Amino acid sequence: MPGSNAVLQIKASIECWPIDGTFTISRGSKREAVVVVVEVSNDEHSGRGECVPYARYGETAEATLTELLKLGPETSPTIALQSLVGKAAHNALDCALWDWQAKRTGIAPFKRAGRPTPQPILTCYTISLDTPEAMAVAAKRVAQLPLLKLKLGRDGDANRMRAVRASRPDARLVADANEGWDVATLPDLMDVAAECRLELIEQPLAAGADSFLASIVHKVPICADESAHDAANVAALAGRYDAVNIKLDKTGGLTPALEMVEAARAANMRIMVGCMVATSLSMAPALVLSGDADWVDLDGPLLLASDRPHGLVIRDGWIEPALPSLWG
């Protein structure tokens, strides 16, 4: 865990970033990303972290901000992290401390974490849930992007997969059902996924109701998202899932996310590094994990109308390493 016994000033605020259009998944749509930003500082150095409180896990931006502000204007990193309950709040503070330590010591986070030097990495680009025809058009519109992630989870998903594949026969495809399929429809939909040459299906069944996955042949690898939270529950997913989606807002920060990577490898599971819709400040810490990932899904900034200054450079789906002026 980054930090020290030094007393730091801690500030937090809510920011709203408009989405470029509408972002739609099986649970609903939104037109802005609401994030909570934490800044920690002493007299010489400061660090920032960003989180996305997610209603699926009972979190709100307002409650997260309240929890962070209860820490007081000055506190020690260790005490502050131990007092936080919400995973999103813990994420923002943990990542801010990693950034602060990098600025204080001159040692980049990937070096502190024992990870290889970051290289440009290919990210998925998300196609929001819509009609098959609209999703096919959206996929065609980004013909320069080689790896697409389809949001599914409603009636008509077979047609959506086929329409996008017909529109983009060249593309690599993964899909996220966001708990929107059921046991009755799953086998046929997995057949279509295989027919359409999808590489991965995320969370087809509801978390807690996914034991059926252990009894079927996985014609396409299945990835746990809502079922996968931290290192402690990875081993229990083996047999049902082939991969886990590691998101810092679920794990509670970069520190526990690194532990989850090790747990996934120990369980012989593949890894996706994912994100919520947020700015480059949320993506940069997750890039520390990118060398361990089989798939990277850090397209949050591409879905926004604008990004923060010094944001990640993403060209044709390839993310460049983060600049220290952003994070780390």
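**Pockets, a cavity and a helix pair**

A pocket is an open set of points on a 1 Å grid over the protein atoms alone, with protein on both sides within 12 Å along at least five of seven lines, and lining residues have an atom within 4 Å of a point. Volume here is the space filled by probe spheres set on the points, which are joined across faces, edges and corners. Of the 33 residues lining the largest pocket, F23, I25, K30, Y54 and M276 are the closest to its centre. The model is predicted: local features need pLDDT of at least 70 and side-chain atom pairs count only at pLDDT 80 or more, while totals for chains, interfaces and linings use all residues. Residues are numbered from 1 along each chain as its sequence is written, and side-chain values use heavy atoms, with hydrogens and water left out.

At least two lining residues of the largest pocket come from each of β1 (8–25), β2 (28–41) and β7 (147–151). Helices (H or I, at least four residues) and strands (E, at least two) are DSSP runs, numbered from the N terminus. The most is given by β2, with six residues. By class, this lining has 14 nonpolar, six polar and 13 charged residues. Ala, Val, Leu, Ile, Met, Phe, Trp, Tyr, Cys and Pro count as nonpolar, Asp, Glu, Lys and Arg as charged, and the others, Gly among them, as polar.

The second largest pocket has a volume of about 380 Å³. Its lining consists of 18 residues, with T22, Y125, S128, A138 and R141 nearest the centre. β1, β6 (125–127) and α5 (132–141) each supply at least two of the lining residues, and β1 gives the most, with five. The lining divides into 11 nonpolar, four polar and three charged residues.

Helix α5 also meets helix α6 (residues 157–167): their axes come within 8 Å and cross at roughly 30 degrees. Axes are lines fitted to C-alpha atoms, for helices over the stretch in contact, and angles run from 0 to 180 degrees between N-to-C directions. The two helices α5 and α6 are therefore roughly parallel to each other, a term for angles under 35 degrees. In the contact (heavy atoms within 4.5 Å), P132, M135, A136, A139 and K140 of α5 meet N159, R160, A163, V164 and S167 of α6. This contact has six nonpolar, two polar and two charged residues.

One cavity of 30 Å³ or more is present, a cavity being a set of points where a 1.4 Å probe fits but cannot get out. The largest cavity has a volume of about 80 Å³. Residues lining the largest cavity include E50, N91 and K247.

How values were computed: Angles under 35 degrees count as roughly parallel, over 145 as roughly antiparallel, 65 to 115 as roughly perpendicular and the rest as oblique.
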